[in-house]
Amino acid sequence: MRSFEFFEHTADVGIRAYGKSLEEAFSNAALGVFEVITDTSKVKPIEYREIYLNGYDLENLLYKWIEELLYYYDSELMVFSKFDLMIDQDSMTLEGKAWGEKFNGKVHERRTVVKAMTYHQLSIEKTENGYVITFVVDI
(Lines give C-alpha, C1' and ligand atoms only; values in the text may rest on other atoms or scores of the structure.)
Protein backbone atom coordinates (compact mmCIF):
# COMPACT_ATOMS: atom_id res chain seq x y z
CA MET A 1 0.00 0.00 0.00
CA ARG A 2 1.42 3.40 -0.98
CA SER A 3 1.53 6.02 1.74
CA PHE A 4 0.23 9.04 -0.22
CA GLU A 5 -0.17 10.54 -3.68
CA PHE A 6 -0.87 13.95 -5.13
CA PHE A 7 -3.82 14.73 -7.38
CA GLU A 8 -4.48 17.58 -9.77
CA HIS A 9 -6.15 20.68 -8.43
CA THR A 10 -6.67 24.02 -10.17
CA ALA A 11 -4.62 26.30 -7.92
CA ASP A 12 -3.63 24.25 -4.88
CA VAL A 13 -2.29 20.76 -4.12
CA GLY A 14 -4.51 17.73 -3.56
CA ILE A 15 -3.24 14.92 -1.34
CA ARG A 16 -4.63 11.42 -0.95
CA ALA A 17 -3.16 9.53 2.03
CA TYR A 18 -3.56 5.86 2.88
CA GLY A 19 -3.16 3.80 6.02
CA LYS A 20 -4.06 0.43 7.47
CA SER A 21 -5.08 2.34 10.60
CA LEU A 22 -6.47 5.82 11.11
CA GLU A 23 -3.20 6.80 12.81
CA GLU A 24 -1.15 5.60 9.84
CA ALA A 25 -3.39 7.52 7.44
CA PHE A 26 -3.04 10.73 9.52
CA SER A 27 0.74 10.22 9.59
CA ASN A 28 0.86 9.73 5.82
CA ALA A 29 -1.32 12.80 5.31
CA ALA A 30 1.24 14.84 7.27
CA LEU A 31 4.10 13.27 5.33
CA GLY A 32 2.38 14.24 2.09
CA VAL A 33 2.08 17.86 3.24
CA PHE A 34 5.77 18.05 4.11
CA GLU A 35 6.69 16.38 0.83
CA VAL A 36 5.13 19.41 -0.89
CA ILE A 37 7.50 21.61 1.17
CA THR A 38 10.73 19.55 0.85
CA ASP A 39 12.17 16.11 0.17
CA THR A 40 11.21 14.36 3.42
CA SER A 41 13.75 11.58 2.83
CA LYS A 42 16.41 14.16 3.76
CA VAL A 43 14.68 15.26 6.97
CA LYS A 44 16.29 13.58 9.96
CA PRO A 45 14.08 12.85 13.00
CA ILE A 46 16.40 14.74 15.37
CA GLU A 47 13.87 16.56 17.56
CA TYR A 48 10.15 16.33 18.14
CA ARG A 49 7.14 18.42 18.99
CA GLU A 50 4.38 17.01 21.19
CA ILE A 51 0.88 17.60 19.94
CA TYR A 52 -2.41 17.28 21.83
CA LEU A 53 -5.62 18.11 20.00
CA ASN A 54 -9.33 17.59 20.24
CA GLY A 55 -11.95 18.04 17.57
CA TYR A 56 -15.65 17.63 17.00
CA ASP A 57 -15.24 14.99 14.25
CA LEU A 58 -12.42 13.22 12.39
CA GLU A 59 -12.29 15.79 9.61
CA ASN A 60 -11.87 18.60 12.15
CA LEU A 61 -9.20 16.58 13.95
CA LEU A 62 -7.28 16.09 10.69
CA TYR A 63 -7.62 19.80 9.90
CA LYS A 64 -6.22 20.74 13.32
CA TRP A 65 -3.41 18.13 13.01
CA ILE A 66 -2.15 19.55 9.72
CA GLU A 67 -2.58 23.16 10.85
CA GLU A 68 -0.60 22.46 14.05
CA LEU A 69 2.27 20.97 12.03
CA LEU A 70 2.22 23.95 9.66
CA TYR A 71 2.32 26.25 12.70
CA TYR A 72 5.68 24.71 13.69
CA TYR A 73 6.94 25.15 10.15
CA ASP A 74 5.83 28.80 10.08
CA SER A 75 7.07 29.71 13.57
CA GLU A 76 10.22 27.57 13.90
CA LEU A 77 10.98 26.39 10.34
CA MET A 78 10.51 22.80 11.53
CA VAL A 79 10.08 20.18 8.82
CA PHE A 80 8.88 16.72 9.79
CA SER A 81 9.39 13.22 8.41
CA LYS A 82 8.19 10.86 11.15
CA PHE A 83 4.98 10.82 13.16
CA ASP A 84 3.81 8.76 16.11
CA LEU A 85 0.24 9.35 17.22
CA MET A 86 -2.84 7.89 18.86
CA ILE A 87 -6.40 8.85 18.04
CA ASP A 88 -9.27 8.23 20.44
CA GLN A 89 -12.45 8.38 18.37
CA ASP A 90 -14.69 8.26 21.44
CA SER A 91 -13.30 11.50 22.89
CA MET A 92 -12.18 12.75 19.45
CA THR A 93 -8.64 13.45 20.67
CA LEU A 94 -5.23 13.12 19.06
CA GLU A 95 -2.02 12.76 21.02
CA GLY A 96 1.31 12.39 19.31
CA LYS A 97 4.80 13.43 18.35
CA ALA A 98 6.10 14.85 15.10
CA TRP A 99 9.82 14.19 14.50
CA GLY A 100 12.06 16.28 12.29
CA GLU A 101 14.54 19.13 12.26
CA LYS A 102 14.83 22.80 11.42
CA PHE A 103 14.86 23.55 7.70
CA ASN A 104 18.41 24.00 6.42
CA GLY A 105 18.75 25.32 2.86
CA LYS A 106 22.11 23.53 2.49
CA VAL A 107 20.50 20.15 3.20
CA HIS A 108 16.81 20.49 2.41
CA GLU A 109 15.37 21.21 -1.01
CA ARG A 110 13.12 24.27 -1.05
CA ARG A 111 9.90 23.32 -2.86
CA THR A 112 6.48 24.93 -2.45
CA VAL A 113 5.29 26.74 0.67
CA VAL A 114 2.08 25.30 2.08
CA LYS A 115 0.07 28.19 3.49
CA ALA A 116 -2.81 26.32 5.08
CA MET A 117 -4.94 23.23 5.36
CA THR A 118 -8.44 23.52 3.84
CA TYR A 119 -11.75 21.75 4.15
CA HIS A 120 -12.01 21.66 0.35
CA GLN A 121 -12.62 18.06 -0.84
CA LEU A 122 -11.79 16.81 2.67
CA SER A 123 -12.93 13.25 3.27
CA ILE A 124 -11.91 10.33 5.45
CA GLU A 125 -13.12 6.95 4.21
CA LYS A 126 -12.86 3.57 5.90
CA THR A 127 -12.27 0.87 3.29
CA GLU A 128 -11.71 -2.87 3.47
CA ASN A 129 -7.94 -2.18 3.37
CA GLY A 130 -7.89 0.62 5.96
CA TYR A 131 -8.39 4.36 5.49
CA VAL A 132 -8.18 6.83 2.62
CA ILE A 133 -7.89 10.54 3.41
CA THR A 134 -8.42 13.12 0.67
CA PHE A 135 -7.78 16.84 1.16
CA VAL A 136 -6.40 20.01 -0.43
CA VAL A 137 -3.75 22.35 0.95
CA ASP A 138 -3.48 26.02 0.02
CA ILE A 139 -0.15 26.95 -1.59
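In this predicted model, strand 4 and strand 5, the latter spanning residues 93-102, pair in the antiparallel sense through 10 bridges. Within this pairing, Met86 stands opposite Glu95 of strand 5.

Three strands make up an open sheet, arranged in the order 3-5-4, with antiparallel pairing. Its edges are strand 3 (47-54) and strand 4 (78-88), each of which pairs on one side only. From one strand to the next, the twist averages 20°.

Two helices can then be placed against these strands. Helix 1, formed by residues 22-37, packs on the sheet and touches strand 4 and strand 5. The direction of helix 1 makes about 160° with that of strand 4. Helix 2, formed by residues 58-76, lies across strand 3, strand 4 and strand 5, and it runs at about 145° to strand 3.

The structure holds one cavity of 30 Å³ or more, and the largest cavity contains about 30 Å³ of space. Its lining consists of Ile37, Tyr73, Phe103, Arg110, Arg111, Thr112 and Val113. Sorted by class, this lining comprises four nonpolar, one polar and two charged residues.

Notes
Residues are numbered from 1 along each chain as its sequence is written. This is a predicted model: local features need pLDDT of at least 70, side-chain atom pairs count only at pLDDT 80 or more; totals for chains, interfaces and linings use all residues. Side-chain values use heavy atoms; hydrogens and water are left out. Two strands pair if DSSP finds at least two bridges between them. Helices (H or I, at least four residues) and strands (E, at least two) are DSSP runs, numbered from the N terminus. Axes are lines fitted to C-alpha atoms, for helices over the stretch in contact, and angles run from 0 to 180 degrees between N-to-C directions. Contact means heavy atoms within 4.5 Å. On a 1 Å grid over the protein atoms alone, a cavity is a set of points where a 1.4 Å probe fits but cannot get out, and a pocket is an open set with protein on both sides within 12 Å along at least five of seven lines; lining residues have an atom within 4 Å of a point. Grid points are joined across faces, edges and corners, and a volume is the space filled by probe spheres set on the points. Ala, Val, Leu, Ile, Met, Phe, Trp, Tyr, Cys and Pro count as nonpolar, Asp, Glu, Lys and Arg as charged, and the others, Gly among them, as polar.
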